[in-house]
Amino acid sequence: MFKLFRQWLDNRVIQRSIITDAQWAQAFYSLPLLSGLTGEEKKQLQKLTILFLHHKVFEGAQGFVITLPMKLLIALQACLPVLKLGLDCYSGWLSVIVYPSGFAPKRTVTDENGVVHYVQSDLAGESWQRGPVILSWDDTEFAGVIDGSNLVIHEFAHKLDMQNGVANGFPPLHANMDAKEWVTAFSTGFEDFQQQCSRGEPIDIDCYAASSPAEFFSVLSEVFFECPHILYKKYPAIYELLRQYYQQDPLTRLG
Ligand SMILES: [Zn+2]
């Protein structure tokens, strides 16, 4: 009963959308990573995007004004990873905060000796557990160009990872997936990747992925959606697990 009521509410929101065909066309044109989606998948992505825009609150930081085309670019990319998983994966938090450019929050960090430090470092994006996703528009505007890096997908992959606690590169898997297989493939890949980065070997994947298992999952999710051939060639077992997890096959889609 509740499910039917919710479907009715969702349909009402979708039907009342004020986004024009021209605005959709412009947004899709700006996001080449969506080009391989089928007509049906594009329609589904549009529906998810409308619901995402309805349920999430966009806030501009430092006086930044977020227009509808900007929101569309962010929401379409945020919804791509959950195209087959549904928007419930993003429940439990509300805001997307957009800074005009990189931001440098002041934080208190306690080190292993119990000493408290005040730190301030430049960030392009951030995801808080049960809190907002924070993005810099400078790093978001052209994120959908296919180059293997995508800030929006990166931060929302952290959100997926955080569904079962702190981000650790182990999101809740589907019932038909093997947790042991996931842990083995990701931890083996992570160690190998860390070693290659520390040796300074040329790699097509950002060495930021070597900083933690959570970053490894998020960065590889970016590569999975934008340059799947790179991930498939380097870590085929991880590609296969991400294919099962996201229930999408960008390698077939993007060629
Ligand atoms: Zn990250």
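## Reading the fold from its definitions

Student: What does the secondary structure of the protein chain come to?
Tutor: The protein chain has 11 helices and 6 strands. Helices (H or I, at least four residues) and strands (E, at least two) are DSSP runs, numbered from the N terminus. This is a predicted model: local features need pLDDT of at least 70, side-chain atom pairs count only at pLDDT 80 or more, and totals for chains, interfaces and linings use all residues. Residue numbers start from 1 along each chain as its sequence is written.

Student: Why is a radius of gyration of 19 Å said to agree with a compact globule?
Tutor: The rule is 2.2 Å times the number of residues to the power 0.38, with the radius taken over C-alpha atoms. For 255 residues a compact globule would come near 18 Å, and the chain has 19 Å, so the two agree. The C-alpha trace spans about 55 × 40 × 40 Å along its principal axes.

Student: What makes a residue buried, and how many of the 255 residues are?
Tutor: Buried means 20 or more other C-beta atoms within 10 Å of its own; exposed means 12 or fewer; partly exposed lies in between, with C-beta atoms placed from the backbone. Buried residues make up 33% of the 255.

Student: In what order do the 4 strands of the open sheet stand?
Tutor: The order is β1-β2-β6-β5, with mixed pairing. Strands pair if DSSP finds at least two bridges between them. β1 (57–60) and β5 (125–127) each have a single partner strand, so they stand at the edges, with one side left without a neighbour in the sheet. The twist averages 15 degrees from one strand to the next.

Student: What lies between β5 and β6 in their hairpin?
Tutor: 5 residues; Arg130 in the turn has a positive phi of about 60 degrees.

Student: How do you describe the packing of α3 on α4?
Tutor: The axes of α3 (residues 39–55) and α4 (residues 68–79) come within 9 Å and cross at roughly 115 degrees. Axes are lines fitted to C-alpha atoms, for helices over the stretch in contact; angles run from 0 to 180 degrees between N-to-C directions. Contact means C-beta atoms, placed from the backbone, within 7 Å. Leu45 and Phe52 of α3 are among the contact residues, as are Leu72 and Leu76 of α4.

How values were computed:
Contact = placed C-beta atoms within 7 Å.
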